[in-house]
Amino acid sequence: MSLDLEALVARHGHDPSRLVQLLHEVVAVEGRVSPAVMTRLAEALGLPRGQVEGVVGFYSFFGSEDRGRFRVLFSDNITDEMAGAHELRQRMLDAFRVQLGEVSAHDTAGLVSIGATSCTGLCDQGPAMLVNGRAIGRLTPARIGAITSLIRGNVPVDLWPENLFVIESHVELRDLLLSTPLAPGEAIAAALSRGAAATRDEVSRSGLRGRGGAGFPAGSKWAACAAAPSPERGRVIVCNADEGEPGTFKDRELLMHHADLLVEGMTVAALAVGANTGLLYLRGEYPFLVEPLLALLAERRRAGLLGASVLGVAGFDFDIELRLGAGAYVCGEESALLESLEGRRGIPRNRPPYPVTHGYKQRPTVVNNVETLIAAALVAAHGAGFLRAVGTPQSAGTKVLSVSGDVARPGVYELPFGVRVGEVLDLAGARDTLAVQVGGPSGTLLSARELERRIAFEDVPCAGAVMVFDTTRDPLAVVENFTRFFAHESCGFCTPCRVGTTLSAQMMERVVHGEGSRRDLKDLAKVSRLMRATSHCGLGTTAGNPVLDALEKFRPAFDTRLRSREVLPTFDLDASLAPAREVTARDDAGAHFEGRDELEEEE
Ligand code: SF4
């Protein structure tokens, strides 16, 4: 297949806001976005070339350099690491005699590159990898051998055995959301008969809070959007289906098996706020969901549930377009997601103004995630009491959890808010638990003494990820993995996060390898608090959480790993000073360390 750039740009209406989607198609054909293609794209879209280059460089699924015909990315998520991802990766690196991140040479010149990606969304079936964007889980030495042979044989990925790409479904426990059937159009009809304002009130009364972690009341968000002056082009409903937090995969299940409920929820939201445009922003690691979702949208259009005059109601026009992310975790932040939808780098916006008044293309916009919109559909159909009947007063309803790590039954568990963390572990078959990371790397690290804590907005909030570590695990290696994740995913816009995440990762690496000092621990805590206080968006303000939690709850693990000296220079200061000592006839090697203890105590 060759790239017909003019036809491609024309198919996207010469719309610069579709740049990310255009780049996906370029990479699918050419494997990269060459400098020449960037120039032609910039001309065709009327954009500065630097802007196109900036977007190409921002998203990890794009890039201008040739990365070979087969682009392999192993998941670097901690649960994949625990399942042996690094050993399997090394096996493949050895097979092609290539370094991590490099393109193969010698007898396989230009054939393959092998790298790492933060997470593939297959934490319940890892170790996992992406090959030319396609996900493969359940990696074993045998599977790696088979994949290596296919690459060596230059077999196009589309011709690889389909069993390699099977995505397993692991729903272990269902409650309200996953077990309540809803006929297509039922919630929309209920909302129509109730009316827009009453539907908003019903959602408010239900106590529905955003399931992305922050817990903002959905009814308040909808009311603010409905109250915002609407320009001619109308309001917008955006579904954030970009779950990228390592350890989270519940949206994959929701989108595979409950997407109809999601589209129903988006349509109810559109009615409630007066929106005519819907955008479903799908995580770039889930391209296998694109075709089923497009088919669903087409089916609902045929059934009169999307498009002009939904359910035959004149003036109720609403349609949904699918957009694909490109491997940038920060785009889960709602304003960064809007930037990405507009074809730019996913840099979080300054707020205010908020998306409810100035969102997608400055139009009033509601951004809710998959689970929130599904819950909204069920509230519209069954009333506020449906959600209020379970959970806690501050956290109504249920939470869909992705449980992974050291458990017998990893998978999706839907449980009422207020459930004890220990109960989740019992259900999933955890034994000898050392620690639990609730809410992904940006969430809360709990020790085994805290399993009575409850998953709820008022106790331990959770966007979905529950990662379990047993007593055979090294808590410092877990934290090091998380610091590496944040350093990789920081968008680089603000200094505290850009520099702080990198420093944290470097210091944690030193500590884990037994080369850290007490000074490093102090600096780790200081940097983490600084990021929390001064970063521009939630990624930076939460990036220090795992370090601070671990320092508080697993301090002995840090202390036993330190080298004995208080200060460890990154170069041999004593050796560097030796010539100076010689010419000045001094014999006081090590003198530069004197007084350091006192200085540190004063700090
Ligand atoms: Fe980017 Fe981090 Fe700053 Fe957020 S906090 S804007 S991710 S650099």
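View 1. Of the 13 residues around the ligand, the nearest are C491, F493, C494, C497 and C537; a residue counts as near if one of its heavy atoms lies within 4 Å. The model is predicted, so local features need pLDDT of at least 70 and side-chain atom pairs pLDDT 80 or more, while totals for chains, interfaces and linings use all residues. Residues are numbered from 1 along each chain as its sequence is written, and side-chain values use heavy atoms, without hydrogens and water. The shell around the ligand holds 8 nonpolar, 5 polar and no charged residues (Ala, Val, Leu, Ile, Met, Phe, Trp, Tyr, Cys and Pro count as nonpolar, Asp, Glu, Lys and Arg as charged, the others, Gly among them, as polar).

**View 2. Helices α9 and α16.** Here α9 (residues 186-194) packs against α16 (residues 370-382) with axes 8 Å apart, at an angle of about 55°. Axes are lines fitted to C-alpha atoms over the stretch in contact, and angles run from 0 to 180 degrees between N-to-C directions. Helices are DSSP runs (H or I, at least four residues), as are strands (E, at least two), numbered from the N terminus. The two helices, α9 and α16, are therefore oblique to each other (under 35 degrees is roughly parallel, over 145 roughly antiparallel, 65 to 115 roughly perpendicular, the rest oblique).

**View 3. Two cis peptide bonds.** Look for the cis bond from G126 to P127, with omega near 0°; P127 belongs to the loop between β2 (112-117) and β3 (129-131). Another cis bond joins P352 and P353, with omega about 0°.
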